[in-house]
Amino acid sequence: AVAVATANGLVLFDRDGRQRQVLTRDSGLIASHVTDVALYGDGMVAGTPAGITFLDASGPHSMYAFQGLVNNHVYALGVRENSVVVGTLGGLSFISGGAVQRNLTMGNSGLKANWITALASVGGDWLVGTYGSGILRVNAQGSVTATEATTQGTVINPGAMIADGRLVLAGTIGKGVLVGDADGTRWRSVTAGLPSLNVTALAVNHGIVYVGTDNGLVKIAESKL
């Protein structure tokens, strides 16, 4: 099954691409507007502007600021084993064992912006896309460091970052695609051939990168990036 986050619910499709179900607030989500979704345990976790909802065999259960989430407005989710990292309007929350274990903000860490828009897992670290400061790196201990793609004024679009073990790709507003090497150490900007420099979505399949922009979709061979 495939889950798609939309402004009007979490849409579930079967293996043949047929719509199977639409989950909304009436179904137990903390909000109908779903900003991101990730597989977690035997179910999934959904991010919304009101917090996050875990969906598993026991049914939906939600978490928001009252339980320690750094901010209710969630933009990005990342899952690694039994832990979830949550990117919000107000910083990062790290969840494990069903509870928030750590919150990172500009006030208590090296984050250059609190508004977190995208996440990608690279090795044991997280690459963190922000609205206004490009891409930062957070290690397993919660230490935040800058990357070559940490630049003031660089906006990473919500959800527009992926890592496939060969490259890390991030979609920006006005600067095209930021292309990093496998571990996100070296970065460069790619703008040639894009119908717009506002890159809103990215996907990789069989060596082809699909770049979604506000002026259409383009396909680029990953080997040419």
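**Terms and values**

Guide: Of the 225 residues in the protein, 46% are buried. This is a predicted model, in which local features need pLDDT of at least 70 and side-chain atom pairs pLDDT 80 or more, while totals for chains, interfaces and linings use all residues. Residues are numbered from 1 along each chain as its sequence is written, and side-chain values use heavy atoms, leaving out hydrogens and water.

Visitor: Why does Ser133 count as buried?

Guide: Buried means under 20% relative accessible area, exposed over 50%, and partly exposed in between (1.4 Å probe, protein chains only). Ser133 has 2% relative accessibility, so Ser133 counts as buried.

Visitor: What does the side chain of Ser133 reach?

Guide: The side chain of Ser133 reaches the backbone oxygen of Lys112 at 3.3 Å. A polar contact is a pair of N or O atoms within 3.5 Å; within protein, one must be able to donate a hydrogen and the other to accept it, and residues adjacent in sequence count only if both atoms are side-chain atoms.

Visitor: What makes the protein as compact as a globular protein of that length?

Guide: The protein has 0 helices and 22 strands (DSSP runs numbered from the N terminus: helices are H or I, at least four residues; strands are E, at least two). Its radius of gyration is 17 Å, close to the 17 Å from the globule rule for 225 residues, so the protein is as compact as a globular protein of that length. The radius is taken over C-alpha atoms, and the rule is 2.2 Å times the number of residues to the power 0.38.
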